[in-house]
Amino acid sequence: MPEQNERLTAPEFAVISGRDVADLLDGREKDVVEQVRAAYLVHAAGDSVNPDSYFLRFPDKPEARIIALPAYLGGEVGVAGLKWIASFPGNITSQLPRASAVLVLNDYRTGYPIAVLESAAISAARTAASAALAARTLATTTPATVGVVGAGIIARTICHYLATVGIGLGDVRCHDLDDVSASALAAHVTDRLDGGARVTDLPEALGSDLVVLATTAARPYIDTPFRPGQVVLNVSLRDLAPEVLEDSNNVLDDVEHCLKADTSPHLLEQQLGHRNFVSGVLADVLRGEAILDTDRPTIFSPFGLGVLDLAVGHMVHRLALREGRLHRIPDFFGEARRW
């Protein structure tokens, strides 16, 4: 907090384009993973504010939504902000990305917005970093096979981040309802990530040592249990029947956020009437405070926290400032003095 007689001034406002965001994130995957790891620990320590997400829905487009994720992240970041992300699955038929987003960063001293960042790449990076961190933390042995269900931008980015944390992509099984998308992901992993990937059916993908679920499914369709030792990254949250989770270790990113909106863990809570099936949150595992049953599969269900967007957005903002990539708007604030 500022001293009582300290004079505050309105901060500078800037915009960071999607091209600059992508350039600044490229090659810094390990840094992003570390930012996400630190954010989880700060959040678990209580030095954050992460309210419920707010959903704007449309009567004539029930599949579409725009979501507001307000948050504050303390620790070394010390910034507030808001991610405003649209999910319009119908875009895919026109080869347009499903999601688009902006991230607003607010100065914690004055509350003034300091930057707006194109945030689709930030959202994908923080999601992928969270998934890769969980895979590295939860897998008891190095996965020999990776199954990817859902072949969009999130899946592609997760594959990049899995490689970053040392998970091999030599045998990647890609499955999507759209064969063209599945083939594109397999080609990307093979050609761009020096891996080995092929298109496969759903059962073979689900039989992999590490399973990535990155679909737009609105309700469960997977009711086959996983085997002991498998790790499932339940990124899309609604693919799994509740019974599949009941016989698994269940690691969440945040209990209150994940047990809502008819996610698979939320459906199981409604069936059982309790939360005893939750093994802990990822921060508990990182701190060695969660005990997982090695005779069960482990499912990581991340609802997606706004504090992670702030962590990655703050990093991008600092890099943009250092490298002269801020598009400054000097007169953005109409009145910078009260009198």
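# Rings, helices and cysteines

Tyrosine 112 is partly exposed, with a relative accessible area of 28% (buried is under 20%, exposed over 50%, partly exposed in between; 1.4 Å probe, protein chains only). This is a predicted model, where local features need pLDDT of at least 70 and side-chain atom pairs need 80 or more, while totals for chains, interfaces and linings use all residues. Residues are numbered from 1 along each chain as its sequence is written, and side-chain values use heavy atoms, with hydrogens and water left out.

**Exercise 1. Count the aromatic pairs and work through the one formed by phenylalanine 58 and phenylalanine 88.**

Step 1: Rings of Phe, Tyr and Trp (its six-membered ring) pair if their centres lie within 6.5 Å; planes under 30 degrees apart are stacked, over 60 edge-to-face, and the rest tilted.

Step 2: Count. You end up with 6 aromatic pairs.

Step 3: Check this pair. The centres of phenylalanine 58 and phenylalanine 88 are 5.9 Å apart and the planes make 55°, so we call the pair tilted.

Step 4: Helices (H or I, at least four residues) and strands (E, at least two) are DSSP runs, numbered from the N terminus.

Step 5: Look at accessibility. Phenylalanine 58 is partly exposed, at 23% relative accessible area.

**Exercise 2. Find out how tyrosine 112 pairs with phenylalanine 333.**

Step 1: Take the geometry. Tyrosine 112 and phenylalanine 333 are 4.8 Å apart, centre to centre, with 75° between the planes, which makes an edge-to-face pair.

Step 2: Trace the chain. Tyrosine 112 is in the loop between S6 and strand S7 (113-118), and phenylalanine 333 is in the segment after strand S16 (327-328), 221 residues apart.

Step 3: Widen the view. Ring pairs join Phe13, Tyr112, Phe332 and Phe333 into a cluster.

**Exercise 3. Describe how helix H2 and helix H3 meet.**

Step 1: Recall the description. Two packed helices are described by the angle and the distance between their axes.

Step 2: Read both values. The axes of H2 (residues 29-44) and H3 (residues 120-138) come within 9 Å and cross at roughly 80°. Axes are lines fitted to C-alpha atoms, for helices over the stretch in contact, and angles run from 0 to 180 degrees between N-to-C directions.

Step 3: Name the arrangement. H2 and H3 are therefore roughly perpendicular (65 to 115 degrees; under 35 is roughly parallel, over 145 roughly antiparallel, the rest oblique).

Step 4: List the contacts (heavy atoms within 4.5 Å). From H2, Val32, Val33, Val36, Arg37 and Tyr40 meet Ala125, Arg126, Ala129, Ser130, Leu133 and Arg136 of H3.

**Exercise 4. Count the disulfides, then check cysteine 159.**

Step 1: Apply the cut-off (a pair of cysteine sulfur atoms within 2.5 Å). The count is 0 disulfides.

Step 2: Check the distance. The closest cysteine sulfur to that of cysteine 159 belongs to cysteine 174, 6.4 Å away, too far for a bond.

Step 3: Check burial. Cysteine 159 is buried at 1% relative accessibility, and cysteine 258 is buried at 0%.
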